[in-house]
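Student: I have a model open and want to go through it. Can you take my questions as they come?

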Amino acid sequence: MNAIPTPNPNHPAGQAGKEPGQPPGPDSGGPMTGAEKIIARACGLPVVRPGDIVFPTPDMAMIHDNVLPAVKRALDELGIDRLAEPDKVVMVTDHEVLYGSPRAAMYGVVNRKAAKAWRVARFFDVGRGGHGHVFPMECGMVRPGMFYFDNDRHCTNAGAIGAVGFRVGIEISRVLATGTTWIMVPHTLKLTLRGKLAAGVHARDLGIHIGALVRSGRLPFDLDYRVLELAGDLDQFSLAARVALCSTPTELGAYGVFIPPSEAVLAHARSVAQAPFEAQFPDAGARYEAEAELDVSTLEPQISLPGGVQQAVNISKVVGQPVQHAFVGSCASSMYEDIAAAACFLKGRRIADGVRLFVVPGSEQTNQRLAADGLLQVFIEAGAVVLPPGCGPCNDAVVGPLDSGEVSISTATNNNHGRFGAKDARLFLGSPETVAASAVTGCITDPRTF
């Protein structure tokens, strides 16, 4: 795997230009990246540059159930009982789905009362939608070219369909109250992928490998408050694979990942779109803070070692490590394609004694499709525990925690110490195929051996 750095100068500042999506002219102020074009459209500006302070008008504002109680309390204390644009607001219940504690039940009550008081029609309660970073792309709510605000950082998944989701944390309260908030336009980094992934290698393997290259310095990128734009041989990646590629850069500080939509992704978007959309693509000659190329054709399945998603190694280095806990899901690996891939390894097999496997589909739509295709039955017969769509154990193990000294293999978004409960538990990350194969054998297993 070779990463070839080709640094570029930073963007010049500037505000003048032609409409986004049009060929740049002599007075355009220069071409823009894909994310810059989307932000410019949201701001009603002909051009934006990194470092500009702007106030985008979002197409949508998303808030998740675990943050809403604090936001509702803050707005109540300010005497704000009406939202600026309730028709743009989407409320999702994905963190506390099982109501495994009195606090979770309280969150549910507050969310339902808030949706009613604020007159939010797009409220997805338990059993109604699924993971907020997954189902909106499946059902056409998040579409290519969109810009939206979200309180949660993994809204970067929107880049998988060619949109920009921008995390504002608790400042989502300002967006709800006023309709917008200020942002600083981030720099963009460009990574060109060359070659095709080998059979048995998943996009999640590539994602965590990219994280390792960045953290080690072999990719010359500082991801902090940047957008990572992918280019090159991208047609091989389905929407689910693109979602997997968005996860690791986010964990390392990226504020966005942008993958220009392929014709297959656009065809999906057209088939489900809830409103018209205009996909955006980077202009020829767009300037990037840094660029690099990466040959992916020789990549092997990867494992992130405990302590950080960026600590990726070839799976051969850890094959045979016993595990007691396995989890397929999270906003990184819970679309139908991911869950179906895991089911292929479990069909006609049983999970190893001493191992518990949790499977969490990303959406109610995926859940229904798995049931229709007989794949939920595969998990049940194998001895897996299928949980409702949402975050599942990835939400700091509100369900499915580990005890002291136990070992997990999962597709969670990160494996920081204590993520799944006990701080001395050892958490490994891999692809859905690797997790399923390991659950069957009882130890970390190369899925290519099945």
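Tutor: What follows is a short talk through the cores, strands and helices of this predicted model.

Student: Start with the largest nonpolar core. Which residues touch the most other members?

Tutor: That core has 72 residues, and Leu191, Leu193, Leu206, Phe221 and Phe237 touch the most other members.

Student: What is Leu191 in contact with, leaving aside its neighbours within four places in sequence?

Tutor: Its contacts include Ile210, Leu219, Phe221, Leu228 and Leu230. Two glutamates, Glu229 and Glu293, are also among them.

Student: Change of topic. What is the strand order in the open sheet of five strands?

Tutor: The order is 5-4-3-6-7, and the pairing is parallel. Strand 5 (122-124) and strand 7 (164-167) are at the edges, each with a single partner strand, so one side of each has no neighbour in the sheet. On average, neighbouring strands of this sheet are turned by 20 degrees against each other, direction ignored.

Student: How many bridges pair strand 4 with strand 5?

Tutor: Three, in the parallel sense, with strand 4 covering residues 89-92. Val90 stands opposite Arg122 of strand 5.

Student: Which strands does helix 1 lie across?

Tutor: Helix 1 (residues 34-43) lies across strand 6 (147-150) and strand 7. The helix runs at about 85 degrees to strand 6.

Student: On to strand 15. Which residues point which way?

Tutor: His325 and Phe327 point one way, Ala326 and Val328 the other, and all are buried. In a regular strand the side chains alternate between the two faces of the sheet.

Student: Which strands are joined to strand 15 by bridges?

Tutor: Strand 16 (residues 356-359) is joined to strand 15 by four bridges and runs parallel. Here Ala326 has Leu357 as its bridge partner. Strand 18 (residues 407-410) is joined by three bridges, also parallel, and there Phe327 has Ser410 as its bridge partner.

Student: What do strand 15, helix 9 and strand 16 make?

Tutor: A right-handed β-α-β unit, with helix 9 spanning residues 336-346.

Student: Last one: helix 7, buried or exposed?

Tutor: Buried: 13 of the 13 residues of helix 7 (residues 239-251) are buried, so the helix is largely enclosed by the rest of the structure. Just after helix 7, Gly253 takes a positive phi of about 110 degrees.

Notes. Residues numbered from 1 in each chain as written. Predicted model: local features only at pLDDT ≥ 70, side-chain atom pairs only at ≥ 80, totals over all residues. Heavy atoms only, no water. Core = buried A, V, L, I, M, F, W, Y, C linked by side-chain atoms within 4.5 Å. Buried < 20%, exposed > 50% of the residue type's maximum accessible area, 1.4 Å probe, protein only. Contact = heavy atoms within 4.5 Å. Pairing = 2+ DSSP bridges. Helix = DSSP H or I, 4+ residues; strand = E, 2+ residues; numbered from the N terminus. Axes fitted to C-alpha atoms, helices over the stretch in contact; angles between N-to-C directions. Right-handed = clockwise from strand over helix to strand, strands pointing away.
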